[in-house]
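Please examine the sequence and the model before reading each solution.

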Amino acid sequence: MKRLLATLAILRPHNMLATGVCVACGYHLTGGGNYQAVLVPSLLTALVTGLGNLINDYYDADIDRVNRPRRPIPSGRLSAPYVRNVYWTGTVIITPLMIAMLPARLWLLMLGWEILLFLYAYRGKRVPLLGNLLISAIVSSAFVAGAMLTGHFKLVAFPVAFAFLLVMGRELVKGAEDIHGDRLAGASTLAVRLGAEKAVAWASLPLFLCVLAAPLPGLAQLYARPYTFVVELACVPGILLAVYVALRSPRTVALHRPSRILKLGMLFGIAAIALARM
């Protein structure tokens, strides 16, 4: 039972749920009405996300011993070989299911996610900005996956761009938070190159762009009013609070707070998109 609970922890079910919901939001926003049609793509997206978390923690074991010693591998709850084996077993099972059950362009997108998540864990996150760009692109393209089921893409252009910027900002904040372990492991992140304070300053740029862009779909009457209410009353204040806290105290020990606030902001952002078409 302890191993099962530790495996669930490393999969990060909340991240899996969020990406699956993004697929459903992309489908709903672009006119989809048969929600049984989006169930399997959303579920497979969530599973691919979980596999990405597994391989990420496998390659990050040495870094996490410094930055996050309570995670399953550095805490000793799971062994690295066990996590690697679960990852490859899951990949071997899920990839044929994607090919068999999804339209070609959709399973090709998901196959791309699998490859990029592996490359991110193996090497990409150790290259300045490359890892941040990869994760931002993968997460934001979950909306595109939903739109692929309807064949209409116009209305998902905004959530894709918004999610890309928001995830990019949070990833840069997390990089500043993780600077000590990354430096010891030889990971050349932006924070390691420039320092935590400058990395946080760079992170504020995409986050401020999110704040400026947030009301535009409502003002253009592309999205329903509930979108505007949620994004302006919950998502935008959270982003601004996170930026304020990060810039005010960019010490690495304090950066877990804005990182968590931004994660909450992402959830409000997803909720706003879900309400954009009523």
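In these exercises, two residues are in contact if they have heavy atoms within 4.5 Å. The model is predicted.

**Exercise 1.** Determine how helix α9 and helix α15 are oriented to each other, and which residues form their contact.

*Solution.* 
Step 1. Helix α9 spans residues 157-177 and helix α15 spans residues 256-274; their axes lie 9 Å apart, at an angle of about 170 degrees.
Step 2. Angles over 145 degrees count as roughly antiparallel, and α9 and α15 are therefore roughly antiparallel to each other.
Step 3. The crossing of these two helices, α9 and α15, is left-handed.
Step 4. On the α9 side, the contact consists of P159, L166, V167, R170, V173, K174 and E177. On the α15 side, their partners are H256, P258, S259, L262, K263, G265, M266 and I273.
Step 5. Sorted by class, the residues of this contact of α9 with α15 comprise eight nonpolar, three polar and four charged.

**Exercise 2.** Carry out the analysis for helix α5 and helix α6, starting from the angle at which their axes cross.

*Solution.* 
Step 1. The axes of α5 (residues 80-101) and α6 (residues 104-122) cross at roughly 160 degrees and come within 9 Å.
Step 2. Because angles over 145 degrees count as roughly antiparallel, α5 is roughly antiparallel to α6.
Step 3. The crossing of α5 and α6 is left-handed.
Step 4. From α5, the residues Y87, W88, T91, I94, T95, M98 and I99 meet W107, M110, L111, E114 and F118 of α6.
Step 5. The contact of α5 with α6 holds nine nonpolar residues, two polar residues and one charged residue.

Technical notes
Residues are numbered from 1 along each chain as its sequence is written. This is a predicted model: local features need pLDDT of at least 70, side-chain atom pairs count only at pLDDT 80 or more; totals for chains, interfaces and linings use all residues. Side-chain values use heavy atoms; hydrogens and water are left out. Axes are lines fitted to C-alpha atoms, for helices over the stretch in contact, and angles run from 0 to 180 degrees between N-to-C directions. Helices (H or I, at least four residues) and strands (E, at least two) are DSSP runs, numbered from the N terminus. Angles under 35 degrees count as roughly parallel, over 145 as roughly antiparallel, 65 to 115 as roughly perpendicular and the rest as oblique. A crossing is left-handed if the near helix is turned anticlockwise from the far one by less than a right angle, and right-handed if clockwise. Ala, Val, Leu, Ile, Met, Phe, Trp, Tyr, Cys and Pro count as nonpolar, Asp, Glu, Lys and Arg as charged, and the others, Gly among them, as polar.
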